[in-house]
Every structure is written in structure tokens, then in C-alpha cells.
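Visitor: Could you show me how to read a helix and an interface in a model like this one?

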Amino acid sequence: MYFNNIQELWAMAGHGPFVWAAYGITLATLLALLWVPLRTRQQQSRNLRAYYRRLNASATSLTDGEN
Amino acid sequence: MWGWFHKWSSPRWFYQLSGRLLPWLAVLTALTLVAGVAWGLLFVPPDYKQGNSFRIIYIHVPAAAVAMAGYMVMAVAGAISLIWRIKLADMVMKCCAPIGAALTFLALVTGAIWGKPTWGTWWVWDARITSVLVLFFLYVGVLALYEAFDNKEAAGRACAILALVGAVNIPVIYWSVEWWYSLHQPASISFTGESSIHPSMLRPLILTIIGFYSFFAVSLLLFVRNEILNRERNTRWVRELILADSKV
């Protein structure tokens, strides 16, 4: 490792706040770009199950899709 | 070739293929990003002029590169959906917008944070930075335009045209540091000649660039798969998939 100890790594000779802020914001943004579609998927599954129950009740038939 | 094209454009086939690809892409993303970031933060010596602030390069450059590449994906998908009316292309175009906007935001913010200790300022209205800000507004514009239409087919066409017209900004961003006098340095990595960045600094950067591209693919596939399920809800395969899901 280039730094001698964890304090030096944290301080980065004065540039620590800049470097760690940049990496922190990046980590948060990337996690959000995974969390948003994963959460949407869960909500969508619930909504679609309710949708199919309603369809069943009204006896509408589904298509095969294009392929 | 047309059979291949037709197969690729099938939402169902794409959903199944992407499901098989996702775990591999996720592993590739995690490995390259963790290794590249750890290497760049902990092991590379500081820059002789910029000191440790240069370590921001390992997220700033990949975010900016993928933000631009993502725009090209969006514009090409828009063109395919306009010309051949392929539903899947429209979904890909729509799903590029939030990811691209977020990555462009990251490029701007990490650039500003890097600029403060290096240039002495968070922001300058120079060609590179302003054209990347325009890129951000283009992504946000596509997002907003899509939501502005009730008719999603019309929304898709309008967004595809906006994405295509906005593509003129990509070469402007790329060559802005050559065409205009700029605080921003020109590219350090060259595919044709010798790179002006030291190999010890370049190697982790290559890892994080691969990691960001792979991350873009993972996030895009997750968004597109949701879009497929939503738009193909009236097909049997989606119903079977959703009902099978609920039993687990």
C-alpha cells in the first residue's frame, strides 16, 4: 500500500475530503441505479399479479406475443 | 442476417438472454470496480503535480466515457425504433436516459470536486464542461419528453428524434479540448499512439473503465427487463413468469 496507515489514507495529504466525497457520491449514485430497477421489479410483480386476477375475473384471453 | 435481427428484436428472447447474461456481467462489474478502485486509491503513487486529488480520475474518466457511449446507444436505439418500429429498441432508448443522466451528473460532480484543488475552482464555463452539461440536459430532456406524452408511441418517436439531433453534441464533447482553449486537459489515453499517462496509473483506470461499461450494461438490462414485463403484460409468457415468480 502507498499510505503508511489508515490516518494517512483518510487525509490523503489534504486531498482526502475531495477524493472521499467524489467516491462517496459515485458509490451512492451507482447503488441507486441498481436499487431503483430492482425495487420497480418487485412493485411490478405485485401490480401484474393483481392485474391477472382482474383479467381472470373478466375472462379476457391473452395473446402469444410476437415470438 | 434478417432472421438474427428479428430474433434480437423479440422482447421474450431478449428477456431470457439477458437473464442468463446478468449474473456474469454483475460479477465482472464487481470484480473490475473493486479491484480498480482499490488499486487506484491504495497502491498507485500520487501525481507529482496534482498530489492525491488525481485519484478521482478512476471514477471521473469512466463516468464521462460511459455517459457519452450511453448516449450513442440511446441515439442508435432511437434510430432503429424510428426506422424499423422495433419495440425493443424503443425500450432500450427510454431506459438509457436515466442511467446516462446519472452518469453525466457523476462526471460533472466528480470533475467539479477534482477541479477545486487542481484548478482552484469548482466550475468554469469552458467548452468541455459546458458541452457535458448540455449532454446532461439532453438526457433529462429525453426523460421529460417521454413523460410529457400520454401516447407512448408518439413519445418514443419524439424522444428518438431528440436523441438523434442531440447526438451532434458527442463529437463536440470529444474534440472540445482540441478545438477550443480549455482548462480541461486533452485526452491522456491514446489507442493509436503512446498514452501520456504513466502505465502504473493507467492500468487501474482501464479496470474501472471496463467496470463502468459493464455496470452500464447491468443497470440497462435491469431497466429494460422491467419495461419488457410491463409492455408485454398481455402475453402468456409474461403471465406465466409472474405467476411462477409468486409461488417461490
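This is a predicted model: local features need pLDDT of at least 70, side-chain atom pairs count only at pLDDT 80 or more; totals for chains, interfaces and linings use all residues.

Visitor: Which residues of α6(B) are buried?

Guide: An α-helix has 3.6 residues a turn, so residues three or four places apart point the same way. In α6(B), the buried residues (20 or more other C-beta atoms within 10 Å of their own, placed from the backbone; exposed is 12 or fewer, partly exposed in between) are B:Gly156, B:Cys159, B:Ala160, B:Ala163 and B:Gly166. Seen down the helix axis, they fall within an arc of 135° (taken from the directions from the axis to the C-beta atoms), so they line one face of α6(B). The face turned away from that buried side carries the exposed B:Ala154 and B:Val165.

Visitor: How many residues of chain A are in contact with chain B?

Guide: Contact is C-beta atoms, placed from the backbone, within 7 Å. By that rule, 33 residues of chain A are in contact with 40 residues of chain B.

Visitor: Where does B:Gly51 lie, and what does B:Gly51 touch?

Guide: B:Gly51 lies in the loop between α2 (11-43) and α3 of chain B. Leaving out residues up to four places away in sequence, B:Gly51 touches A:Ala13, A:His15 and B:Pro46. B:Gly51 is partly exposed, with 16 other C-beta atoms within 10 Å.

Note on methods. Residues are numbered from 1 along each chain as its sequence is written. Chains are lettered from A and ligands numbered from 1 in the order in which they are written. Helices (H or I, at least four residues) and strands (E, at least two) are DSSP runs, numbered from the N terminus. Two residues are in contact if their C-beta atoms, placed from the backbone, lie within 7 Å.
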